[in-house]
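I opened a notebook page for this model.

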Amino acid sequence: MTKITEFPSRNALYDTAANGIGNILNSTLIEAGAATLLLSGGSTPSPVYQRLSAIALTWEKVQVGLVDERWVPLTSPGSNEALIRSSLMINNAANANLARMVSENASVFDGWAEIENAYKPFSAPDIVILGMGQDGHCASWFPGSKGLETAMSPHTANVTAPIDATGCPVAGDYHERITITLPVLMRAQHVILLITGDEKKAVLNESSKQLPIHKAIEACPDITVFWAP
């Protein structure tokens, strides 16, 4: 069974996660002079980013990227970039550098090479923040999606991968995605998974251990898991 750090409330989880991320970033900035941070979208991480944005750091030396993105414009309600801009890129963190994960190409399969080149600096990130869906996906690693095998191959040399999640119910109307690959997670210094609710906890502890989240934890056994009701 995966080791889970449990919190009595979501606010307690948000506070602890934000302070922990801030401490890691501060230590990395002191030691290396720069830091890389990959963030997931979603309702659970967003309050963490809001708290993190208030922490005083040398934010202009922090390179922020996305764990995954829907292939949509910034104006779309489905844009993870828009969520991160409104929750993190404010207050003290307004000077952080955010790398886009979409291009002007109509299709992710046409625009992927451009994003792959832009995300080379994130090949071994300092911190990765993950969420998880009720189907056991993290990043845009949807069960049954086209491109999943490549994205989750421990041997791929790519930093990112295009995904076609057509037919995956949790993906909704946003079928075209782009995501980091499993080796990025494996090379990260710190990986933190944030989940809330009994249903997601049950998925994480599911006995078959065949879902993308289970494969991610198997490949990265040092993942820190935070859970609150």
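I began with a side-chain pair: E81 and R85 are joined by a polar contact of 2.8 Å. For a polar contact I took a pair of N or O atoms within 3.5 Å; within protein, one must be able to donate a hydrogen and the other to accept it, and residues adjacent in sequence count only if both atoms are side-chain atoms.

The model is predicted, so local features need pLDDT of at least 70 and side-chain atom pairs 80 or more, while totals for chains, interfaces and linings use all residues. Residues are numbered from 1 along each chain as its sequence is written, and side-chain values use heavy atoms, with hydrogens and water left out.

Next I placed E81 in helix α3, residues 80-87. Helices are DSSP runs of H or I, at least four residues, numbered from the N terminus.

Is E81 buried or exposed? I noted it as buried, because its relative accessibility is 1% (buried is under 20%, exposed over 50%, with a 1.4 Å probe and protein chains only).

I then listed what E81 touches beyond four places in sequence: L66, E69, L74, L98 and R100. Contact here means heavy atoms within 4.5 Å.

Last, I turned to α1 (residues 10-32) and α2 (residues 45-52). Their axes lie 8 Å apart, at an angle of about 50°. Axes are lines fitted to C-alpha atoms over the stretch in contact, and angles run from 0 to 180 degrees between N-to-C directions.

I logged the residues that make the contact: N11, Y14, D15, A17, A18, I21 and G22 from α1, and P47, V48, R51 and L52 from α2.

Key
Helix = DSSP H or I, 4+ residues; strand = E, 2+ residues; numbered from the N terminus.
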